[in-house]
Amino acid sequence: MASDRNSASGTGTGTAGEEKTVKVPSKDSRRKHEKNEDLSDEELALKQQLDLYVEMVQDPDPGLQKVALESMRQEIQTSTSSMTSVPKPLKFLRPHYETLKSYYATMLDSDLKKHLADILSVLALTMSAEGERESLKYRLLGSEGDIGSWGHEYVRNLAGECAEEYAKRQSGEETSILDLMEVVIDIVVFHIKHNAETEVVDLLMEVEYIDLLIDHMDNTNFKRTCLYLTSASRYLPDPDNVLILDVAYMIYLKFEEYPNALQIALFIDNIQEVSQIFIDCDDMLQKKQFSYIVARHGMHFELDDEMASEDDDRFALQDIVNNAKLSEGYLTLAREIEVMEPKSPEDIYKAHLLDGRASAGASVDSARQNLAATFVNAFVNAGFGRDKLMTVPSDSSSGSSGNWLFKNKDDGKASAAASLGMILLWDVDSGLAQIDKYFHSNDNHVIAGALLGVGIVNCGIKNDFDPALALLGNYTDKEDSSIRIGAIMGLGIAYAGSQNEQLYDKLSRILNDAKAPLDVIAFTAISLGLICVGSCDHDAAQAIIFALMDRNAAELQEPLFRFLPLGLGLLYLGKQESVEATTEISKTFNEKIRKYCDMTLLSCAFAGTGDVLVVQKLLGHCAQHLLRGEAHQGPAVLGIAMVAMAEELGLEMGIRSLEHLLQYGEQNIRRAVPLALGLLCISNPKVNVMDTLSRLSHDADSEVAMAAVISLGLIGAGTNNARIAGMLRNLSSYYYEDASLLFCVRISQGLVHLGKGLLTLNPYHSDRFLLSPTALAGLITMLHACLNMKAIILGKYHFVLYFLVLAMQPRMLMTVDENLKPLSVPVRVGQAVDVVGQAGRPKTITGFQTHSTPVLLAAGERAELATEKYIPLSPFLEGFIVLTENPEYREDH
């Protein structure tokens with residue numbers, strides 16, 4: 001029949017009545033009819049009802065208009081409460097959107113007009129064109145009723161439009177944002193009420209009104225909000241990140257969550273805020289916990305009467321801040337884990353597991369191998385106070401240590417004497433007593449080593465009597481350069497981060513001495529950089545800059561000369577834009593050192609910030625194919641690791657970028673890549689990085705292989721990782737005829753078993769939130785030295801390896817009672833889970849095991865108490881944790 005009709009229309013012979021049935025619109029009406037047939041009776045009734053309301057709205061009678069608007073409002077609000085699909089009223093009103101808009105424009109100002117604006121604002125949710133922001137436009141013109149009554153999706157859409165509108169107004173002529181802020185406040189109140197704190201933070205960051213958050217926080221939501229704020233701060237540029245953290249700090253103070261507030265104050269390096277927390281908090285036990293956190297961070301902090309009025313209390317707190325209890329706690333951990341027995345280098349090499357040729361090579365007594373054994377012995381027995389080479393057993397009469405000392409040649413004796421400082425690490429009284437005998441030696445190298453040993457023993461330990469300064473201060477101006485270097489480096493290690501005025505004067509005098517040899521100047525610059533690390537000290541910077549400018553062209557080519565720009569960079573460690581003035585000055589330097597200086601300053605200033613733009617800039621420098629003489633790409637590659645190590649995502653991307661550099665980079669870049677990988681995964685042996693380094697350790701270029709071998713030690717530092725230990729054993733067999741590479745393998749074997757597996761080199765602590773500047777400075781210095789392995793580490797300056805002591809910390813959780821005595825409690829240790837922005841109270845660890853404290857924490861692990869009997873006074877269970885008894889705890893019999 002349809003075909004008949006069509007043929008009739010085709011011939012054009014039908015009657016007028018028939019013509020009506022075959023008009024083109026009939027197709028439309030048929031489609032409409034089919035569409036209506038798809039609707040249920042209920043939906044059809046609703047559609048007709050809404051069509052009627054639209055007609056009534058346009059009626060001249062205000063009474064009818066009011067009824068229609070109220071009914072329409074009712075229909076929309078009841079449907080938008082559930083938002084699984086587009087609500088039916090919005091769907092049926094879509095065709096009328098333009099009609100209602102046109103009619104709205106003709107209406108006179110009245111309450112009815114505002115009600116219609118409200119409805120248009122909701123309709124714009126699905127109808128408005130992209131970028132028109134009509135939903136917000138009509139909201140501002142509307143009746144300002146309850147914003148939440150239109151549903152979550154409407155509020156979310158409005159929040160997005162507010163952010164766009166704010167950005168447009170800021171960039172355009174219109175400056176008033178008061179009307180916009182009223183809507184923002186309504187949205188904030190709604191979201192806070194519905195536990196959508198993350199959306200509130202996002203909106204307030206967009207409209208630059210984050211302070212508003214403080215007034216809307218309560219006991220139920222502040223922790224979740226602050227966790228989101230601190231996590232978001234990592235992805236924001238300076239100074240926005242500091243603003244965000246300041247708000248989190250204020251919220252924590254408002255709810256008296258002092259330990260969290262302290263973490264933030266330390267993160268932004270604000271000593272006034274740290275002092276304020278000590279003043280505001282009245283609980284002495286909490287102050288003890290704060291002192292442990294400050295000590296772990298390595299901050300030099302003096303308590304005054306305001307922070308602790310009682311003298312005894314103040315001395316007790318200052319003792320903790322000065323790390324006086326560190327050695328005692330570390331040895332308690334060692335006794336609990338039963339690793340007090342000293343280990344010899346042979347116990348680490350395990351040569352009996354290899355075939356004949358390597359073990360035969362190992363037994364030959366060469367000075368280079370003895371030097372390696374010295375370092376291995378120092379690293380493995382670090383902090384234990386006893387070993388089998390340097391410390392004399394009480395029953396033997398004459399010095400076995402003397403015998404070992406003289407199995408080393410010249411500079412080797414310095415490292416051997418200094419290794420005693422490492423073995424007695426943090427135990428100042430005993431350490432100074434045992435090192436004292438070397439000061440009376442006739443051999444300058446032994447005296448130099450003893451001076452360095454004194455510095456190492458005092459590393460991270462502050463003392464009112466300043467024994468290191470008293471002992472070393474007189475030796476910095478001696479004639480023998482090795483003695484001077486020992487004293488200067490010892491002072492740098494002992495007073496890292498202290499910003500000691502006396503030392504600044506002493507060291508700047510040496511820098512300004514035109515007759516001083518280059519190696520003395522180089523170590524003075526590094527020590528000054530360490531003492532004033534991250535301080536942006538203008539005078540210290542000037543002293544190093546003058547020293548840089550005074551040296552002649554021949555000295556610029558010396559490997560040690562690179563320590564001068566590095567010392568300058570350390571002054572600005574992590575301080576971002578503060579480095580700009582110094583960078584401008586560096587452009588006036590000799591062209592041979594200019595670029596090297598630029599890269600070093602840039603990478604140090606943005607270390608630990610995760611700044612993507614800086615990483616791109618450094619990658620740009622690495623992409624250039626340059627002549628062999630250019631050295632600045634090495635620091636650029638290390639810089640990528642220094643900047644990207646800030647958070648997990650950047651770290652993974654950094655590893656991928658470095659893989660590309662390996663494939664496409666020039667030889668000088670390939671030599672630096674393994675070191676950068678070592679820094680990114682320090683004390684955190686990731687399997688993919690381990691495999692890459694294992695591959696590179698057999699590289700045809702011996703310098704690439706050496707860097708890879710050292711980095712294997714760095715990524716496994718203090719982990720006792722069996723896979724890396726196996727790799728290194730095989731490498732010792734593979735390179736048994738190559739003395740230089742075998743030396744590197746031995747150093748790495750010592751690092752993997754650092755402190756018999758109780759120590760870490762990771763500069764991050766407190767759940768990877770805080771970065772210790774002194775620890776990072778020590779690592780960077782050692783890695784910069786490794787950029788020219790043959791001249792420095794394998795030359796006569798191998799003692800730069802001792803800069804690693806700045807990063808050494810026990811990787812433990814030690815719980816103590818109110819009298820700071822060790823207290824064993826059950827804890828669960830598992831992989832940390834990121835719970836930022838998750839609803840409810842999600843689990844923060846997974847795959848846990850329950851142990852009794854003290855326990856060791858590996859990279860990426862987190863601990864939580866497995867009992868409710870005690871309450872920890874810090875949210876991050878790492879290092880020393882003070883526990884108080886839970887008054888609400890009841891034993892279940």
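**Charge pairs, a surface patch and the C-terminal region**

For the domain "26S proteasome non-ATPase regulatory subunit RPN1 C-terminal", the unreviewed UniProt entry lists residues 836-889. In the predicted model, the chain over residues 836-889 is 0% helix and 46% strand.

Salt bridges in the model number 26. In one of these, the side chains of arginine 156 and glutamate 199 meet with an N to O distance of 3.0 Å. This pair links distant parts of the chain, with arginine 156 in helix α10 (residues 152-171) and glutamate 199 in helix α12 (residues 197-206), 43 residues apart. Both partners fall in the partly exposed class: arginine 156 has a relative accessibility of 39%, and glutamate 199 has one of 24%.

A salt bridge is also formed by glutamate 652 and lysine 686, at 3.1 Å from N to O. Here too the pair links distant parts of the chain, 34 residues apart: glutamate 652 belongs to helix α39 (residues 648-664), while lysine 686 sits in the loop between α40 (667-680) and α41 (687-696). Glutamate 652 is partly exposed, at 33% relative accessible area, whereas lysine 686 is buried, at 17%. Salt bridges with shared partners join Arg133, Glu164, Glu165, Arg169 and Asp179 into one network.

Aspartate 305 and arginine 314 form a further salt bridge, in which the closest N and O atoms are 3.1 Å apart. Aspartate 305 is exposed, with a relative accessible area of 52%. Arginine 314, by contrast, is buried, because its relative accessible area of 13% lies under the 20% cut-off.

On the surface, Glu256, Asp280, Asp282, Asp283, Glu818 and Glu885 gather in a patch of negative charge. One member of the patch, aspartate 280, lies in helix α17 (residues 271-280).

Isoleucine 456 is located in helix α27 (residues 444-457). With a relative accessibility of 0%, isoleucine 456 counts as buried. Its C-alpha atom is separated by 36 Å from that of arginine 656, a residue 200 positions away along the chain.

Notes
Residues numbered from 1 in each chain as written. Predicted model: local features only at pLDDT ≥ 70, side-chain atom pairs only at ≥ 80, totals over all residues. Heavy atoms only, no water. Patch = residues over 30% accessible without salt bridge, like charges linked within 9 Å, V, L, I, M, F, W, Y side chains within 5 Å. Areas by Shrake-Rupley, 256 points an atom, 1.4 Å probe, with all protein chains shown as cover. Salt bridge = Lys/Arg side-chain N within 4 Å of Asp/Glu carboxyl O. Lys, Arg positive; Asp, Glu negative; His and termini not counted. Charge placed at Lys NZ, Arg CZ, Asp CG, Glu CD. Helix = DSSP H or I, 4+ residues; strand = E, 2+ residues; numbered from the N terminus. UniProt positions renumbered as here; feature names shortened; annotations may be inferred. Buried < 20%, exposed > 50% of the residue type's maximum accessible area, 1.4 Å probe, protein only.
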